Amino acid sequence: MQNINLKNKKKSSLFANFVNNVIHKPSPEVQKNFMDVSLKIAGTIKKICEDEKLIINIPYQGKNFWNKGKNYESCFVDGGVFSSVESSSAPFAIRSKSYIVKPTNPLTDREKFEETIAYMGDLYDSKNNIYDLSEDPYEDNQLLNKKKDAARIIFEIACLVKHVFDKQKFDFCFLHGPLQTPVMPFSGPEFPQFKKQVVKNILPFLNFDKKEEKINERHFINIYFQSIQFLLNSKFPIYGIVERTNSSVYLKNLLFRSFKKGKVAENDYNKMLSTMIRYKINDGNLFSLILSDCQALRPLEVDKQIPTRGLGGFSEWETQITSFPKIHVGYLKTNSHQAPIRVESLKKSKDLIKDYEYILASSKLLPNYGFPAGLDVVDKAAKIPAWLGRAAKSYYSKYYLDLAIESKNSKNISSALKMLQGGRVWRNRPKAGKVKK
Amino acid sequence: MRKIINLNTNLKNSIGGNSIRKISDPWASIGTILGQTSIDDYSFHLKKFKAKKGDIVAAEAKQPTGDGRVVEVIVWGRIMEIISSNEFLPNEAAKELTEGNISIQDTILPLTKNDAICTVKNLGYTTNDPGQKLSLMPLNYPVYPGGAVKYPASKDLESLLNTDMKGKNPIFIGNLVARRDVDVQVSADNMVSRHVLVIGMTGSGKSVWVRRAVRELMVKQYPILIIDPHGDNLGIVQKATKLFPNHKIKLFYPKISASENNKEVIYTLIERLGNKLTEPQYDFLNWVLTKTDYEPGTSLIQYISILIQKSNAAAENKRNKSTKSSDGPGNTGASTMGVVSRSLRKVYSKLKEMEQSNISNRNKYPHLKFEELPDPYSQPEKIIQKSQVSILYLKGYESLPSSTIVSILLESLFNHRSAGNRTIPPFFTVLEEAQNFIPSKSEGQDGYPSVSTIKKIATEGRKFGTGLMLVSQRPYRLDETVCAQMNSYIILRLKNERDQRFVKNTMENWDNEEAKQLPNFANGQGIVSGQITNLPLTVQIKFDDDLTNDDIGDENFISDVQNWKESSENKKKRELSKDFDEVFDVDKRKPH
Ligand SMILES: Nc1ncnc2c1ncn2[C@@H]1O[C@H](COP(=O)(O)OP(=O)(O)O)[C@@H](O)[C@H]1O
Ligand SMILES: [Mg+2]
């Protein structure tokens, strides 16, 4: 316990926020109790980390670092989605961008902003859809959001895939976000497949033309799985960097490892887990208390995909879900007042200190934000600004109107007009099947 | 799969259509018009370094015409502001680079992502017919977002700026500040028939501009009168004489005189320069004035000395109990008369003093020939003549007498012109230090005789060919009604808040953005606007280095001191004072 400097921690705004966020309107006793518990857990976990030699100091030398850092070529990847304000109104645009920079190159060749892949269309419509839909389902927002998420995740991973596929040579490659997302939520029977055209276009290594297609081959879970497998071929390190997290995957795995090694009693292990749940302790808030600026936790190899039993028994996806590769998860504290960032990689890094030093230095360029500057850049670049989104929407709507007018079908025309006016009622959706291109 | 990357071009085609004709192929495309446009202005995204503040740019657009057609036009506008931003460079990153002494080049931060957004104020449009002359018309429809912005070729821009100048006697005044290769001309016809206000702080380039304008008018043999209170224009005399051997360049010093019908002027002068008088004293002054004939054009100083004699005589008579009715109104006492006489003596000595000061100033230029100003009533042609420049050197005279002198001179010349008897040709008057002659009412200087004269010339001068150029470094101290009659402006550097406000209040179509540049102008840079030009322009005035003031250059105290030769008397004095000191040293009797 004595290792945790409560005085300093109490001052940090992060700690205050964290206390405020976890407990609504905490009374002084509740607050104090929460603090006591957090600090006790932190003290214990710190001991475990130290025992396992997991805490490492990452050197940061500012100017001196960039003297060598400028020689590396790095690629930063992020995706951007635009969908109309009303979450159920579908025309939308999506893209992934790469920001590729090698500081020592001449200015004309120093930095590239690549729009690696982009798409605009309709999440619903069967004709011009990203997914393969035969029917007009009464979709709820939850499913719609899942579809948007899945689309974004696939577009981002596809961007990484493309760089590996094109045999590009980077010193580092970073994704804004996790390298692996639990896929269980997408395993429901109603979740549609991606359209063949889409998959073919964005994931060139998946050649569906040559072979017989299996059932659900274009389903999110499968192509995500295939993509991640493909990324294992990468000749350069790929990291996913996550800025905020409610995950407790590291903590749980850490405890589980110690329990398996016999360093933690089963009883204690179980009690600790339930305390952590009761107090909503997660990796982010706990490691803020343990790590100091420029300290990191060595990555643990963890399993992100844990199939849970749904209402109708194990999903048909169980086998594939369990065969997702394990992933390496570490944390890096990039400044004194923010939670550490999560660093994920598919493979064990060849030179952990070198890689973390690069991530730390990149984050130190944004001393307050504490997140790699290159990812901040690509995040801004990939964002689809409202004007572009709107332009995309009206362009898309106009395209429909043209088709409708061509079809000379008054019903189509009126529904296309409605769409142009912005509001969109599912019943008025044009029967796109009848419209010829 | 459609890529959104292509979207822009598609949109452009659907809005602009294929029918948009290129203005002129060599014009470089420098940017794209942004989202929202209006009749007055628009903004556009600028290709890096392709244009700068103050530049005149062109946009392709369409305008609906009165007869229901839509025509393709070129919309001309001026870049008022450029905002450059790099959304990829957060402030905290910049701070870190500074504090860590890190060069941005070495980091992963992007260098190429600066966006420059320009705000353009529309000037008007011209039709897009190559054959047609370029004359600007007011916009009635905004340019369309997404349209291209072009950088007009210098020669095209030049012909736009100088359209219609032919036949209006164009004179070259300088170049656009933003584009030095574009010549700017103004119409000499409009300059001499109307009125120009030239303002700018000291050292901003007013006199340089005056020289430019005067020189061009000299080429055209136009008669010029320069009222020069400080002698700013003396320096050019010798060089101008060499450059224009067939011209007469005359230097005059004033003779204070008045016309018969202008005794009021004399009265004002006495009233203002003399002591404050009581009612009976004024009555007596009036009496003396009416009783004493003044020969128009003769020296006023002499006249005043006659007045003094008369009032002294009257007082003398009063004291001698002589009661001739002609010695004063009613029962004016001798002491009243004495007071008036004393006041007149004061006026007399003040005028004498100023005359003397003017003489000694003139003596500083032994190489220049000064003549007494001829009587403008009887000999106006000696002042105003084809191929003559007359400079009236007023140094030494206070502002009221100066105002009187100028009022009498201009009034008389104007009368000759308005009488239409062709005694003198049209002429152009340059009035330096105009705030001394047309002080604003708020200056508490009302009753200056030159105010009403200049006001009259400003309002009616156009008919009679008596154009004015008023030059001042303190515009806010100028009479508002006179300023309102000015229809062309040369506005040089102005740092004073009140002067800047004056400019905003006086000029129509004045933009805050334009006002912002006033304090930052370099010497000889200014806005030229009004009837002498087609468009308000920011111009670098041409500097006529062959007409520089070498006689009275800028003050150069340092070299003055370095070349300082001590007078022999001074030297001796110091030498001797040492000797004296030695004497005093040995003097034992000096008191302690
Ligand atoms: N158009 C010009 N080009 C170059 N230099 C100029 C120009 N106008 C003024 N200057 C410089 O500024 C100095 C002061 O200009 P001047 O006309 O005497 O100022 P003002 O009459 O406004 O007090 C000049 O001596 C000259 O050196
Ligand atoms: Mg001057």
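Two strands pair when DSSP finds at least two bridges between them. With that in hand, here is a friendly tour of a predicted model, in which S17(B) and S18(B) form a hairpin with six residues between them. Helices (H or I, at least four residues) and strands (E, at least two) are DSSP runs, numbered from the N terminus.

Some ground rules come before the details. Residues are numbered from 1 along each chain as its sequence is written, while chains are lettered from A and ligands numbered from 1 in the order in which they are written. In this predicted model, local features need pLDDT of at least 70, side-chain atom pairs count only at pLDDT 80 or more, and totals for chains, interfaces and linings use all residues; side-chain values use heavy atoms, with hydrogens and water left out.

**The two chains**

- Chain A has 16 helices and 11 strands, and chain B has 17 helices and 18 strands.
- Buried residues (under 20% relative accessible area, with exposed meaning over 50% and partly exposed in between, for a 1.4 Å probe and protein chains only) make up 55% of the 437 residues in chain A.
- In chain B, 49% of the 592 residues are buried.
- Taking contact to mean heavy atoms within 4.5 Å, residues 24 or more positions apart account for 75% of the contacts in chain A with a separation of 6 or more.
- For chain B, 75% of the contacts between residues at least 6 apart in sequence join residues at least 24 apart.

**The sheet of chain B**

- Chain B holds an open sheet of 12 strands with mixed pairing, in the order S8-S7-S18-S17-S16-S9-S15-S14-S10-S13-S11-S12.
- Its edge strands are S8 (183–187) and S12 (370–372) of chain B, each of which pairs on one side only.
- Neighbouring strands of this sheet are turned by 30° against each other on average, direction ignored; axes here are lines fitted to C-alpha atoms, for helices over the stretch in contact, and angles run from 0 to 180 degrees between N-to-C directions.
- Helix H5 (residues 206–219) of chain B packs on the sheet, with S7, S9, S10 and S11 of chain B among the strands that it touches.
- The direction of helix H5 makes about 160° with that of S15(B).
- S14 (residues 427–431) and S15 (residues 466–472) of chain B pair in the parallel sense over five bridges, and Phe428(B) has Gly467(B) in S15(B) as its bridge partner.

- S7(B) and S18(B) run antiparallel and are joined by three bridges, with Gly174(B) standing opposite Ile541(B).
- S17 (residues 525–530) of chain B pairs with S18(B) in the antiparallel sense over four bridges, and Val528(B) has Leu537(B) as its bridge partner in S18(B).

**Around ligand 1**

- Oxygen atoms of ligand 1 lie 2.6 Å from a backbone N or O atom of Gly203(B) and 2.9 Å from one of Val208(B).
- A nitrogen atom of ligand 1 lies 2.7 Å from a backbone N or O atom of Ile541(B).

**The loop residue Asn86(B)**

- Asn86(B) lies in the loop between S4 (70–85) and H2 (91–99) of chain B, and is buried at a relative accessible area of 16%.
- A polar atom of the Asn86(B) side chain lies 2.8 Å from the backbone nitrogen of Phe88(B).
- The side chains of Asn86(B) and Asn114(B) are joined by a polar contact of 3.4 Å.
- Leaving aside residues up to four places away in sequence, Asn86(B) touches Pro110(B), Lys113(B) and Asn114(B).

**Cysteines**

- With a disulfide taken as a pair of cysteine sulfur atoms within 2.5 Å, the structure holds zero disulfides over all chains.
- Cys75(A) is in no disulfide, and its nearest cysteine sulfur, that of Cys173(A), is 4.1 Å away, too far for a bond.
- Both count as buried, Cys75(A) at 0% relative accessibility and Cys173(A) at 1%.

How values were computed: Polar contact = N/O pair within 3.5 Å; in protein donor to acceptor, adjacent residues only side chain to side chain.
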